[in-house]
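Work through the exercises below with the sequence and the model side by side. Each task is followed by a stepwise solution.

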Amino acid sequence: MKDKKVPVITIDGPSGAGKGTITQMLAIDLQWNILDSGALYRTLAYLMVQNEIDLLHFEENKEFVKEKFIVKFDPGIIGEPVRVVLNGEDITNKVRTEEIAKKTSFLAADPIIRHFIKPCQREFMKPPGLIADGRDMGTVIFKEAMHKFFLTASLEERAKRRQVQLKRQGSEVNMRLLLQELEDRDKKDIERQHSPLRPATNSVIIDTSNLTPEGVVEEIKKNL
């Protein structure tokens, strides 16, 4: 298979560990393709909402969805969200609403959706290489990847990062609630039946709690 010759770096880990920033920095630095799997799920949720397709009727609308689900990612500028383009339209801000986030969380747990999206994720594996960010990139989607990394950080540090991110967006946050939400999200991701969150057996685990993004990138490059 020709796609097996394309180098892939997988970046997995829980919410707030720094996956998005590190993936973005590596994609810009190496000038490789980027896959933000969370944003891909959000884009599918957005497409389904726009076309009034619910999960119960997904199978009968699958071919229509497949035809319309033409997604591209642009790493953009460090510190800003990776740009999401659906059928030529920039929907970066549209997929980051609370409504889409809730819909995505529901969809991502369903095996029908995960089965549908896997080949879409693998389509991003094109020369010169791919940096793939998610929760099951190294364990399920790109098992054959030579370079796998699992980023982690303390719950407190991840909550602080999320707080900064939300404040930047103009939202006020209760730290206690934020900690609880992250803890609940971790539990859900780790215990889910399909593609649970865990490091791949051959992945390099990096605790980002006390590292700058540049420090994390340096650690990753040492292991390439």
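**Exercise 1. Helix H5 and its surroundings**

Task: Which elements do the buried residues of H5 pack against?

Solution. 
Step 1. Start with the surroundings: the buried residues of H5 pack against strand S2 (33-36), helix H2 (37-50), helix H3 (62-68), helix H4 (98-108) and helix H6 (137-141). Contact means heavy atoms within 4.5 Å. Helices (H or I, at least four residues) and strands (E, at least two) are DSSP runs, numbered from the N terminus.

Step 2. The model is predicted, so local features need pLDDT of at least 70 and side-chain atom pairs count only at pLDDT 80 or more, while totals for chains, interfaces and linings use all residues. Residues are numbered from 1 along each chain as its sequence is written, and side-chain values use heavy atoms, with hydrogens and water left out.

Step 3. List the residues that make this packing. In H5, Ile 113, Arg 114, Phe 116, Ile 117, Cys 120 and Gln 121 are buried, where buried means under 20% relative accessible area, exposed over 50%, and partly exposed in between (1.4 Å probe, protein chains only). Viewed down the axis of H5, the buried residues fall within an arc of 165°, so they line one face of the helix. The arc is that of the directions from the helix axis to the C-beta atoms. An α-helix has 3.6 residues a turn, so residues three or four places apart point the same way.

Step 4. Check the geometry and the start of the helix. H5 (residues 111-122) has twelve residues and spans 17 Å from its first C-alpha to its last, close to the 16 Å expected at 1.5 Å a residue; the expected span is 1.5 Å times one less than the number of residues. At the N-terminal end, Asp 110 caps H5 with a side-chain oxygen 2.8 Å from the backbone nitrogen of Ile 112.

**Exercise 2. A residue of H3**

Task: Is Val 65 buried or exposed, and which residues does Val 65 touch?

Solution. 
Step 1. Val 65 lies in helix H3.

Step 2. Val 65 has 1% relative accessibility and therefore counts as buried.

Step 3. Leaving out residues up to four places away in sequence, Val 65 touches Leu 44, Leu 47, Ile 53, Phe 58 and Phe 116. Phe 116 is among the buried residues of H5.

Step 4. Val 65 and Met 48 are 17 residues apart in sequence, and their C-alpha atoms are 7.7 Å apart.

**Exercise 3. Backbone features in loops**

Task: Where are Glu 52, Asn 87 and Pro 128 placed?

Solution. 
Step 1. Glu 52 is in the loop between H2 and H3. Glu 52 has a positive phi of about 55° although it is not a glycine, and is exposed, with a relative accessible area of 75%.

Step 2. Asn 87 is in the loop between strand S4 (83-86) and strand S5 (89-90). Its phi is positive, near 50°, and at 44% relative accessibility Asn 87 counts as partly exposed.

Step 3. Pro 128 is in the loop between H5 and strand S6 (130-134). The peptide bond from Pro 127 to Pro 128 is cis, with omega near 5°.

Key: Polar contact = N/O pair within 3.5 Å; in protein donor to acceptor, adjacent residues only side chain to side chain.
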